[in-house]
Amino acid sequence: MSGPDSDPGPEGAGLESAGPQGVGPQGVSPQGVGPAQRLDLAAYLPYRLSILSNTVSGAIAAIYEARYGLSVADWRIVAILGMAPDRPLTQTALCARTRMDKVQVSRAVKRLLESGRIVRETDSADRRRAHLRLTAQGRAVYDDVAPATLAWERDLLSRLTPAEAAILDTVIARLQQVADEMAASS
């Protein structure tokens, strides 16, 4: 569907793709040095990562949305809580681990509480604080969905060579480290 609010993507917007060795079509290197300083979204790393993330998240979301009516934010909360069921987390901790903002986490928590998939327990030492954990129903969702999402990931990565997969893992970890450092210093 297209319209004034739709995102046609790089192809629909007439954007050019990056050329060899990471140099964009206008001769701009990844460091921004070159003859032109025009933003080309098709070659702009944050945009490309966002598009990739949205594509992958959307494909995986089809699994848990169809089975349980979960949104991406809902599943991220279930997945984080499901990874360490013996350690309930606060909403603040969920924000930090998912990198979602407080509003997204709050809305997802509300939906999951209403659906009976998580429970909120007041901290006995500090009554202002609440911890969230999966209920038996939430655990069943996690136990059903996690293997399906892991299978999807295996299928995706199987289309890369082992060397490409190793490089991808290294580059993602390094980019996250650098981005965290840059965000902390700004």
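Guide: Let us begin with a definition: a residue is buried under 20% relative accessible area, exposed over 50%, and partly exposed in between (1.4 Å probe, protein chains only). This is a predicted model, in which local features need pLDDT of at least 70, side-chain atom pairs count only at pLDDT 80 or more, and totals for chains, interfaces and linings use all residues. Residues are numbered from 1 along each chain as its sequence is written, and side-chain values use heavy atoms, with hydrogens and water left out.

Visitor: Why is Arg99 called exposed?

Guide: Arg99 has a relative accessible area of 56%; the cut-off for exposed is over 50%, and therefore Arg99 is called exposed. Arg99 also has a positive phi of about 65 degrees, although it is not a glycine.

Visitor: Where is Arg99 found?

Guide: Arg99 lies in the loop between helix H4 (91–98) and helix H5 (102–114). Helices (H or I, at least four residues) and strands (E, at least two) are DSSP runs, numbered from the N terminus. The protein chain has 7 helices and 2 strands.

Visitor: Which residues of H6 are buried?

Guide: Among them are Gly138, Val141 and Tyr142. The buried residues of H6 pack against helix H2 (45–68), helix H3 (72–83) and strand E2 (130–134), where contact means heavy atoms within 4.5 Å.
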